[in-house]
Amino acid sequence: MTAPTTPATDAAPSHFIRNIIDEDRRLGKWSGRVETRFPPEPNGYLHYGHAKSICLNFGLAQIYGGACHLRFDDTNPAKEDQEYVDAIIEAVQWLGFDWQDHLYFASDYFDKMYAMAEHLITVGKAYVESLPADEMRAYRGTLSSPGRNSPFRDRSVSENLELFQRMKAGEFPDGTHILRARIDMGSPNMNLRDPAIYRIRHAAHHRTGERWCIYPMYTFAHPIEDALEDITHSICTLEFADQRPFYEWLLETLADGGFFSRPVPQQIEFARLNLTYVVLSKRKLVELVDEKHVAGWDDPRLPTLVGARRRGFTPEGFRRFAERIGVSKGDSWIDMSVLEDCMREDLNNSAERRVAVLDPVKLVITNYPVGHTERCHAPNHPLHPDLGKREIPFSRELWIEREDFMETPSKGYHRLYPGNMARLRYGYVVKCTGCEKDADGKITAVLCEYLPDSKSGTPGADTYKVKGNLHWVSVEHAYTAEVRLYGRLFAHATPGSRREGDPEGLERNFIDDINPDSLRTITAQLEPALRAARPEARFQFERHGYFVADRIDSADGAPVFNRTVTLRDTWKK
């Protein structure tokens with residue numbers, strides 16, 4: 001595929017990676033072609049940080065008319081599983097991206113990688129190491145002192161080839177030998193001190209089965225994969241910056257051997273996502289799941305993409321978020337409110353409105369005819385009149401929010417209290433006449449009278465000027481539903497970190513910062529139309545926030561709803 005050499009012109013914001021690509025295209029490098037990749041390891045579920053990388057890599061390919069590959073770096077069979085492959089494919093598709101016919105696996109290239117490793121041995125650029133792991137670490141040196149050559153570094157080519165072939169044949173147990181690149185044990189970059197490139201691992205692979213018992217290291221495999229797939233710009237996060245010299249050494253050495261043509265792929269690093277109120281460490285996510293602090297990898301409080309989808313986050317919201325936070329070389333923290341605001345903005349435009357009473361108390365209209373029902377009309381979306389209106393049944397007994405009545409009102413309270421009037425949204429103006437209580441003094445019903453000529457949409461509606469506007473659901477017609485009120489999983493912005501005032505020497509565990517109120521399950525009264533909501537249907541529950549029908553636990557005619565995000569950022573308080 002040949003792309004034009006002029007810079008792309010589009011509405012997407014520019015950043016330093018685009019500047020690099022624009023310059024490469026101006027110079028005609030790779031004939032102006034742009035090919036990127038998203039290369040997850042299939043050993044876990046994708047999280048919010050991966051969403052940033054996916055949007056960046058696929059987005060660049062779209063901007064420049066190129067292609068983005070989805071490639072699985074499946075070089076560690078002990079931790080990989082087809083379950084993760086399937087979940088990753090589903091997550092990338094859900095975000096709205098298409099790799100077309102560019103789906104690859106590192107295991108597709110195991111034969112070629114093995115041949116390249118043998119070539120490195122043949123030209124004196126690799127050797128079989130037989131030191132135990134602890135001695136190998138000691139020989140490697142430290143950041144302030146150089147390494148020492150292994151006693152096995154000067155083995156002959158023939159001996160190294162024989163040992164490597166015997167490793168492949170399965171003659172040695174795990175850990176007996178490894179294959180190392182032969183570069184420079186005195187290099188100030190630890191990654192150039194003869195890094196390991198192959199290890200023995202007697203484990204069945206999810207794709208190749210028992211065929212292999214030696215596997216390439218990730219740092220050896222992924223530059224080769226990039227070159228074999230004709231990737232132009234290999235974009236990764238900053239922690240790989242120290243690995244770039246080895247990336248370049250390996251590809252240039254193999255290009256010298258005739259395996260690749262030049263220019264070889266170019267590695268570019270950008271700052272990873274650091275987001276407050278979550279943990280994105282795979283180890284910590286595993287701990288949360290394994291110790292059952294959450295209900296699984298798709299728990300809506302977990303920052304996995306499968307959890308975000310179940311919570312009701314949208315692909316459009318993630319893409320908006322990736323564009324808003326931009327791409328930089330420097331690490332910085334992004335507040336969770338930025339991601340939540342992106343979801344609100346998308347849902348405000350896309351989610352139809354519905355009525356839900358989350359903390360219900362009964363409202364009895366004492367002068368309304370017993371057994372009578374009429375229809376009120378509410379817009380499905382105030383920003384999209386073309387979506388029309390829906391009917392909401394109105395009757396003598398309604399559910400309202402408990403907070404919408406005060407027997408003794410506070411200053412500035414404009415909702416229902418004895419003697420005050422308020423409008424029932426889409427319905428009538430009512431005047432509160434009192435309440436009923438149980439033996440413990442708890443309010444069980446609010447009493448009122450309605451004004452028959454005040455119905456919304458009729459000429460008399462404008463006659464009455466009231467400040468309170470309440471939502472409601474007919475008791476007779478309401479759908480009683482389970483609603484899960486999800487909040488942030490952690491109560492502190494940086495879980496597990498020290499805070500001002502902590503005693504000297506105190507070490508915090510991120511688990512201790514879990515928010516005990518991150519999930520509250522309630523029984524709510526919803527307008528009857530919500531009974532027919534399909535899994536993953538999203539709505540704004542008026543006055544409350546955005547909610548989604550749970551994609552797992554909802555059944556036909558009995559959806560369960562998860563709160564995606566509140567209408568406003570309640571954490572600012």
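Student: Which residues do ring pairs link into a cluster with Tyr114?

Tutor: In this predicted model, ring pairs join Phe110, Tyr114, Phe164, Tyr198, Trp212, Tyr215 and Phe220 into a cluster.

Student: How many aromatic pairs does the count come to?

Tutor: The count comes to 26 aromatic pairs.

Student: Why is the pair of Tyr45 and Trp297 called stacked?

Tutor: The centres are 5.4 Å apart and the planes 25 degrees apart. Pairing needs centres within 6.5 Å, and stacked needs planes under 30 degrees apart, so the label is stacked.

Student: What makes this pair tie together parts that are 252 residues apart in sequence?

Tutor: Tyr45 lies in the loop between strand 1 (35–38) and helix 2 (48–63), while Trp297 lies in the loop between helix 9 (282–290) and helix 10 (305–311). Both Tyr45 and Trp297 are buried.

Student: Why are Tyr114 and Trp212 called tilted?

Tutor: Their centres are 6.1 Å apart, with 50 degrees between the planes. Stacked needs under 30 degrees and edge-to-face over 60, so this pair counts as tilted. Tyr114 belongs to helix 4 (residues 110–122) and Trp212 to the loop between strand 6 (196–200) and strand 7 (214–216), so the pair ties together parts 98 residues apart in sequence. Tyr114 and Trp212 are both buried.

Methods. Residues numbered from 1 in each chain as written. Predicted model: local features only at pLDDT ≥ 70, side-chain atom pairs only at ≥ 80, totals over all residues. Heavy atoms only, no water. Phe/Tyr/Trp six-rings, centres within 6.5 Å; stacked < 30°, edge-to-face > 60°. Helix = DSSP H or I, 4+ residues; strand = E, 2+ residues; numbered from the N terminus. Buried < 20%, exposed > 50% of the residue type's maximum accessible area, 1.4 Å probe, protein only.
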